[in-house]
Every structure is written in C-alpha cells, then in structure tokens.
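Subject: Structure handover

Dear colleague,

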Amino acid sequence: MFVKSFGVVLLLVHFISCGSTSSSPTLFSKIPHHYPPCQTPNGKHGLCKPLKNCQSLKALVDDPNPHKARFLWHSHCGFQDQEIKVCCPVFSREEIPDDSSTFVKPGLFATADQCTMYTSPYDSMWMVSGGKKVRLREFPWMVALEYKKYDRKSKTIIPNVKCGGVLISKRYVLTAAHCMNPKLVRVRLGENNLKTDPDCDRSGTCAPKYIGVPIEKQIIFKTYQRLPEKYHDIALLRLQHEVAYSDFVKPICLPTTVGELYHSFIGEKSIVAGWGLTEKDNYSDFLLKVEVPIVNLTVCSYGSDEGVLCAGGAVGIGSCLGDSGGPLMVSRRGGWYVVGIVSGGSDPCALAYEPAIYTRVSKYMTWIEHNMEP
C-alpha cells in the first residue's frame, strides 16, 4: 500500500521536474525566496524549499529503499509555483534513522514508566454530558489554567479556570496559543474537582491539596494565527519553579520517536479531557473525559495539513469551550501520550459529522525542545 502511494508522488515529481512545457520563467520564479523553517520527519531543523534545491532529498527520489521513500514522502511541506517543496535538513549529512529512534535530548521528557496508566480497584465513573468523571490519579498530568477575574459581588479578584493543559516536565506545561492572556497568572496541578480541596473519591480516599504554581513566562509559537482560522495553535508555560512528581502530579509522554512523528492515528481511539462546557451550558467542576475517534483531515476540511488532527464527530460527545489547551491522548506501551491539543470545533459543540480540531503535537516537537530552558 505504501509503495503504491509513494509511486504517485514519484510520478508527480517527474512531471513537475521534467514534464512542464513552459520555457519561460514565471513572475513567481523570478522573486528571491525566503525558505521558512520546518521540522524534518526525524525531528530535526529544516527549511521548506523546492525538491530540486535540496540535494540530500533529491537523491532519494530514485532510491528503491522503502524506508528512504517513506522519509521523502513525509518530508513534503507544500508547493511553490507547481513544484513540490520538501523540508530540507539544515545539515545535509544527517542520517535517516529507523522508526524507533528517539530524536530529542535524553532526559528532557517523561519516559514511559513515568506516564503509565493508572488502574483503579473500583469503577468510580459516572456519565456526564457524553463524558465521564476522571478518577483521582488517573490523569496526573492534567493542568488547570487559572485567570484573574473581577467578581462583582465580592468586589475582589478571584481565580477563574477557562483552559487546560498538560505537564510535560517539572517546569513546563503544554497548552494552546489562544489560551494565552495577560490575566493568565497561575496553574493548578493535582486538581480534579475545582470546587473542593482536597478532592476525595467515594471510598473516602482523598488526594493532597492541589498545587498552585505562578507562571513565569508564556511562550507562543511565533507564527500563531488566530483568524480566520487558528493555525500553529500551541504554547508553552514556564513555571516559576520546578514541581515535585508524585502519584497525583506526573508528566505525560510526548511523541519522541521518528515513527510517532508521522504516524496518522486515523481510526484510533483517543481520550480528550478537560473542565469545559457540558450539555447544561455550564463549565464542569469535575475533570471529565470522553473517548473520540481520530478521523481523516478531509472530514474537518483541513485537506492535507499535517499540523492538525481531527477527532470526534458524534452528537453530544467531544470537546467544548473551556477544554481548550487540554490533551488529546492515546495509549502506547502502557502509557499515555499527548498527540493533540484542543484548538477549535463546531458551534454549538459536538455536532454530528463535525469533528473538533486539535494541534498535532508531533509537528512541533522541535519547537518544544528548542524553547525549553534548563
């Protein structure tokens, strides 16, 4: 299946490179080009440029090795004046690793044993607006983003949770760019029920009180675009100090292998979690989760844009306002991995055949690593 698909690309490359009947250069081709940065399929820095201008990838066009063909296929980053553009490695002598190779600095992100799935000895989940209440310790990487809000009754500034995120290290939280705001001042870790502290389950077991940590820095993807559609909707929060890991505060795993960078996830089941709006049109006090399928990008009118994922499409089941910045998670090797970040969706939420939009985390791993200070 893969070989046939790539054969189409080779034919297209051949046509574009050799089959054009026009002998005169176009106006576009006369203009000097600035090649935008991109991320190669193995997570390295690259420049998005025409294939003919990238010697290292141009050499792979006629290579019969299916692994190299796959690498070339996933290097595609657009078109320029009808020419295929590829993410050309900045360092042309980079080796093409196998799918299991890790491309990030060792020790930077959580390992599989740190983001293992928690199994409760009893079932404490209730159906709530298409979702279920999350058990204590089930998703210890969930983060509630706290904004300052003026309360007219008390005439004081009170905390207000309107977005979510995930802990990815002892100092950093991953979330959505559209959640960034001068009024965003703090995060809550180890939180489950926003109205109680500490949180307890039906057996009487209680978690420690949530941890509130001030935000030191908001880091937004520099080419984030809010309108007309959100694009590059991703951000990092640097906390004022490191947090200690425990059973209730842990980091989630990120896609750090070459195979995960361009894995489609289409057809797979995933979980989205947050404190967003329910069917009663109010924000949930409880952290809720819901299972949604990841679907083809064409279903949500995003064509071949690999910077996003689409998931959902069933009536009353999916993410909503207030879930922004929260994770789209899949289970891998006994652990949970964040593959998407809640970015947008239908209005009203969770309509039939209108999946929600999630920023695809794997496409921004190089950016994430680059912006995480020691």
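In this model, which is predicted, there are seven disulfides, and I will take you through three of them one at a time.

The disulfide between Cys54 and Cys88 has its two sulfur atoms 2.1 Å apart, and because the torsion about the S-S bond is about 85°, this disulfide is right-handed. It connects distant parts of the chain, since Cys54 sits in the loop between strand E2 (45–50) and helix H3 (55–58) while Cys88 belongs to strand E4 (residues 83–89), with 34 residues separating the pair. Both Cys54 and Cys88 are buried.

Another disulfide is formed by Cys300 and Cys310, with a distance from S to S of 1.6 Å. Cys300 is found in the loop between strand E14 (288–295) and strand E15 (308–311), and Cys310 is in strand E15 itself, so the pair ties together parts that lie 10 residues apart in sequence. Cys300, with a relative accessibility of 12%, counts as buried because the cut-off for that word is under 20%, and Cys310 is buried too, its relative accessible area being 0%.

The disulfide of Cys320 and Cys349 has an S to S distance of 1.9 Å, and its torsion about the S-S bond is about 70°, so it is right-handed. Here again distant parts of the chain are linked, for Cys320 is in the loop between E15 and strand E16 (327–332), whereas Cys349 is in the loop between strand E17 (335–344) and strand E18 (356–360), 29 residues apart. In this pair Cys320 counts as buried at 15% relative accessibility, but Cys349, at 26%, counts as partly exposed.

Turning to the nonpolar cores, the largest one has 73 residues, and the residues with the most contacts inside it are Leu145, Ile168, Leu174 and Ile368. Strand E17 supplies the largest share of this core, namely six residues.

With best wishes

Terms used:
Residues are numbered from 1 along each chain as its sequence is written. This is a predicted model: local features need pLDDT of at least 70, side-chain atom pairs count only at pLDDT 80 or more; totals for chains, interfaces and linings use all residues. Side-chain values use heavy atoms; hydrogens and water are left out. A disulfide is a pair of cysteine sulfur atoms within 2.5 Å. Helices (H or I, at least four residues) and strands (E, at least two) are DSSP runs, numbered from the N terminus. Buried means under 20% relative accessible area, exposed over 50%, partly exposed in between (1.4 Å probe, protein chains only). A nonpolar core is a set of buried Ala, Val, Leu, Ile, Met, Phe, Trp, Tyr and Cys residues joined through side-chain atoms within 4.5 Å.
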